Amino acid sequence: MGYIKSAALDETGFVVLDSYNEPVDPKEWLDIEYVDWKSSGDTRFAPLASAKGEIECNGFWNHQPPRTDKDGVWIDSQTELAPTLTARAKEPGANVGRCRIIELQPNSYADCLYNLHQDDNNRLNPDGTGWVVRGFFNLTDDKDSYFVLRENRTDPSIEYRIALPAGAQLIVDTQRLWHAVHHQGDKPRYCLITSWTSGPELDAYIEKYHGKPTTDYYPVSEEIREAGQAEQARRDAARAAYYAAKGQKEKLAMSEA
Ligand SMILES: [Fe+2]
């Protein structure tokens with residue numbers, strides 16, 4: 001039967017929406033409660049919606065009964081402090097699974113390549129229903145930071161680099177594309193991440209905000225790209241050797257985020 005997917009994401013696996021130009025009080029992401037949750041770098045997360053409405057970030061499939069990344073339960077103590085962000089996550093009217101703010105510390109391009117991972121949003125998702133994709137709303141003004149999206153983790157031939165100034169809005173099929181962020185700066189980056197179920201509501205939202213793949217890629221020199229690629233390979237090999245020495249099956253490169 002297959003899943004219901006957005007045609008807008010067919011070509012590249014992502015779309016960039018019109019940027020969000022309304023001011024948002026930074027208290028909405030600074031005053032809410034964070035939990036340590038390591039994913040793709042030095043991170044913490046503040047959930048707005050979770051499996052059972054508690055302040056935790058575990059995949060819904062790790063709860064009882066296990067379920068896919070849909071029907072997230074809003075956390076009143078968090079959403080009360082972040083009303084604008086909550087409204088933005090609800091705006092499409094699509095089903096929301098996990099919804100949380102990520103805090104990411106500065107890193108390097110090589111870190112980012114090593115951190116590239118695919119999400120697991122569609123684990124336990126029933127065939128014939130909507131495919132879960134993710135919205136990313138950048139909150140801080142990180143003009144020199146960018147998403148790296150690849151079709152293949154170790155193949156640089158298809159790499160999209162999307163700049164992340166305040167208000168940047170993307171929707172990404174994060175189970176298809178390998179993804180991570182190179183965050184340059186001296187302060188953490190904050191971004192709202194929402195799991196949405198594909199369907200007519202999300203399609204209408206993408207159309208309303210002119211979602212389309214972009215070819216406006218953040219520039220990175222060939223030298224940095226080659227050095228980053230070599231460092232990714234070096235760390236991958238070191239990790240493989242570590243697990244081989246322990247006689248253990250190598251763990252997945254990255255945890256789901
Ligand atoms: Fe992720």
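Reply: In this predicted model, the open sheet is built from 3 strands, which run in the order E8-E7-E10 with antiparallel pairing. Its edges are strand E8, residues 159-164, and strand E10, residues 178-182, each of which pairs on one side only. On average, neighbouring strands of the sheet are turned by 20° against each other, with direction ignored. Strands of a sheet pair through backbone hydrogen bonds, in either a parallel or an antiparallel sense.

Strand E7 covers residues 142-150, and its antiparallel pairing with E8 extends over 6 bridges.

Strand E9, residues 169-172, pairs with E1 in the antiparallel sense over 4 bridges. Phenylalanine 14 stands opposite valine 172 of E9. E1 is covered on both faces: Phe14 and Val16 are buried on one side, and Val15 and Leu17 are buried on the other.

Is glycine 13 buried or exposed? Glycine 13 has 22 other C-beta atoms within 10 Å, so it counts as buried, the cut-off being 20 or more. Leaving out neighbours within four places in sequence, its contacts are Val172, Asp173, Arg176 and Leu177. Glycine 13 and glutamine 175 are 162 residues apart along the chain, yet their C-alpha atoms are separated by 9.3 Å.

Phe14 also belongs to the largest nonpolar core, which has 56 residues. Together with Leu170, Ile171 and Cys191, Phe14 touches the most other members of that core. For isoleucine 171, the residues touched include Leu9, Phe14, Val15 and Leu17, as well as Val133, Gly135, Ile206 and Gly211, when residues up to four places away in sequence are not counted.

Glutamate 103 gives a contrasting case. This residue is in strand E5, residues 96-104. Glutamate 103 has 19 C-beta neighbours inside 10 Å and therefore counts as partly exposed. Apart from neighbours within four places in sequence, glutamate 103 is in contact with Tyr34, Thr43, Arg44, Pro188 and Tyr190. Its C-alpha is 9.8 Å from that of lysine 187, which is 84 residues away in sequence.

H6 takes in residues 222-245, and its 24 residues reach 35 Å from first C-alpha to last, close to the 34 Å expected at 1.5 Å a residue. How many of its 24 residues are buried? The count is 2, and H6 is hardly covered. After H6 comes glycine 247, with a positive phi near 70°.

For the whole chain, the secondary structure comes to 6 helices and 11 strands. Of its 257 residues, 42% count as buried. Contacts between residues 24 or more positions apart make up 79% of those with a separation of 6 or more. Taken along the principal axes, the C-alpha atoms fill a box of roughly 45 × 40 × 40 Å. The radius of gyration is 18 Å, which agrees with the value near 18 Å for a compact globule of 257 residues.

Key:
Residues numbered from 1 in each chain as written. Predicted model: local features only at pLDDT ≥ 70, side-chain atom pairs only at ≥ 80, totals over all residues. Pairing = 2+ DSSP bridges. Axes fitted to C-alpha atoms, helices over the stretch in contact; angles between N-to-C directions. Expected span 1.5 Å × (residues − 1). Buried ≥ 20, exposed ≤ 12 C-beta atoms within 10 Å, placed from the backbone. Contact = placed C-beta atoms within 7 Å. Core = buried A, V, L, I, M, F, W, Y, C linked by C-beta atoms within 7 Å. Rg over C-alpha atoms; globule rule 2.2 N^0.38 Å.
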